[in-house]
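Welcome, and please take a moment to look over the chain before reading on.

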Amino acid sequence: MPSNQIRTGCPPIFDKAEIAHLVAFITQDYTTRHLSWQAIVIEMGYGCSYRTLKNVMEKLGYHKRIPCWKFSVWPANRQKHVKWCQQRLHWTYKEWSRILWTNKSTFSTTGFGHHPWVIRLPEEEFHIDCMDQTFEQGRESTMVWGGFCGTTKSELPYLVPLWHECCEMYGWAQVIEDGAPGHRKHVRTYQELNGMDTIQWPAQSPDLNLIEALWLDLETEIG
């Protein structure tokens, strides 16, 4: 018999129960968060394309995103980390503009430097399963150095000329650099001979160095 009810066409592939099961599978641990859409289709035994699965998850807010870096910090250094921040909590823009942020970074030349994507909600940026370690083994790379102070950035890989330029522009500048072995002995002596002022820096604190945030953007840009 004819019916006045609106026809819904083919039933949906994913009902509420199956969607809940799918979300539970993807969010269960680090490994499943990093699976590709194709791998999830195969793992779950679905008869749909990966694009269908992708559309379903994106409607729920789950997108493939680049994971944040997770730095290993010892408990003792964690306390120094917090203390360093508290001591500069009320610094003004003028005081921060006199800091010369410096660092070096390595860029992979053999394909190991790519960043895998992770499935997460926007608010899950710092979820433990959505973050990756920064250390990679077995890769060939090239090292670069950079620095900036206020609106002044380095164009040549030489610290002393940049420091003098920043001092002339801002009246004085303090250098921030990590505790890498290359910054000791000869480099430290060279800085002292040139009268360079360095700021005390807690160990294992790369997230406090503003230039660290630029390396990932640069590596992503150059592929």
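What follows is a short tour, moving from the whole chain to single residues.

**The chain as a whole**

This is a predicted model, in which local features need pLDDT of at least 70 and side-chain atom pairs count only at pLDDT 80 or more, while totals for chains, interfaces and linings use all residues. Residues are numbered from 1 along each chain as its sequence is written, and side-chain values use heavy atoms, with hydrogens and water left out.

The chain holds nine helices and nine strands; these are DSSP runs numbered from the N terminus, with helices (H or I) of at least four residues and strands (E) of at least two. Of the 223 residues in the chain, 34% are buried. Here buried means under 20% relative accessible area, exposed means over 50%, and partly exposed is in between, using a 1.4 Å probe and protein chains only. Take the contacts between residues at least 6 apart in sequence: 74% of them join residues at least 24 apart. A contact means heavy atoms within 4.5 Å.

**Helix H3**

Which residues of H3 are buried? They are Trp 37, Ile 40, Val 41 and Met 44. These residues cover an arc of only 100 degrees around the axis, which puts them on the same side of H3; the arc is that of the directions from the helix axis to the C-beta atoms. On the other side of H3, Ile 42 and Glu 43 are exposed. The buried residues of H3 pack against H1, H4, strand S1 (63-65) and strand S4 (118-120). After H3 comes Gly 45, with a positive phi near 75 degrees.

**Helix H4**

H4 spans residues 50-59, and its residues Leu 53, Val 56 and Met 57 are buried. Seen down the axis of H4, the buried residues fall within an arc of 95 degrees, so they line one face of the helix. The face of H4 turned away from its buried side carries the exposed residues Arg 51 and Lys 59. Helix H1 (16-26) and helix H3 (37-44) are included in what covers the buried residues of H4. Gly 61 follows H4 and has a positive phi, near 100 degrees.

Two helix pairs can be set side by side. Axes are lines fitted to C-alpha atoms, for helices over the stretch in contact, and angles run from 0 to 180 degrees between N-to-C directions.

| Helix pair | Axes come within | Crossing angle |
|---|---|---|
| H3 and H4 | 9 Å | roughly 100 degrees |
| H1 and H4 | 12 Å | roughly 90 degrees |

H3 and H4 are therefore roughly perpendicular to each other, a label given to angles of 65 to 115 degrees. Their contact is made by Trp 37, Gln 38, Ile 40 and Val 41 of H3 and by Tyr 50, Leu 53, Lys 54 and Met 57 of H4. By class, the residues of this contact divide into six nonpolar, one polar and one charged. Ala, Val, Leu, Ile, Met, Phe, Trp, Tyr, Cys and Pro count as nonpolar, Asp, Glu, Lys and Arg as charged, and the others, Gly among them, as polar.

H1 and H4 are roughly perpendicular to each other too. Ile 19, Leu 22, Val 23 and Ile 26 of H1 meet Leu 53, Val 56 and Met 57 of H4. The contact of H1 with H4 has seven nonpolar, no polar and no charged residues.

**The cores**

The largest nonpolar core has 17 residues, and those with the most contacts inside it are Leu 22, Ile 26, Ile 40, Tyr 46, Leu 53 and Met 57. A nonpolar core is a set of buried Ala, Val, Leu, Ile, Met, Phe, Trp, Tyr and Cys residues joined through side-chain atoms within 4.5 Å. H1, H3 and H4 are the elements that give two or more residues to this core. A second, separate core of 10 residues includes Ile 176, Ile 199, Leu 208 and Ile 211.

**Two neighbours in sequence**

Trp 96 sits in helix H6 (residues 93-96). Is Trp 96 buried or partly exposed? Trp 96 is partly exposed, with a relative accessible area of 26%. Leaving aside neighbours within four places in sequence, Trp 96 is in contact with Trp 84, Arg 88, Trp 91 and Trp 101.

Ser 97 lies in the loop between H6 and strand S3 (99-108). Ser 97 is buried, with a relative accessible area of 11%. Not counting residues up to four places away in sequence, Ser 97 touches Cys 149, Gly 150 and Tyr 170. The C-alpha atoms of Ser 97 and Tyr 170 are separated by 7.7 Å, although these residues are 73 apart along the chain.

Note on methods. Angles under 35 degrees count as roughly parallel, over 145 as roughly antiparallel, 65 to 115 as roughly perpendicular and the rest as oblique.
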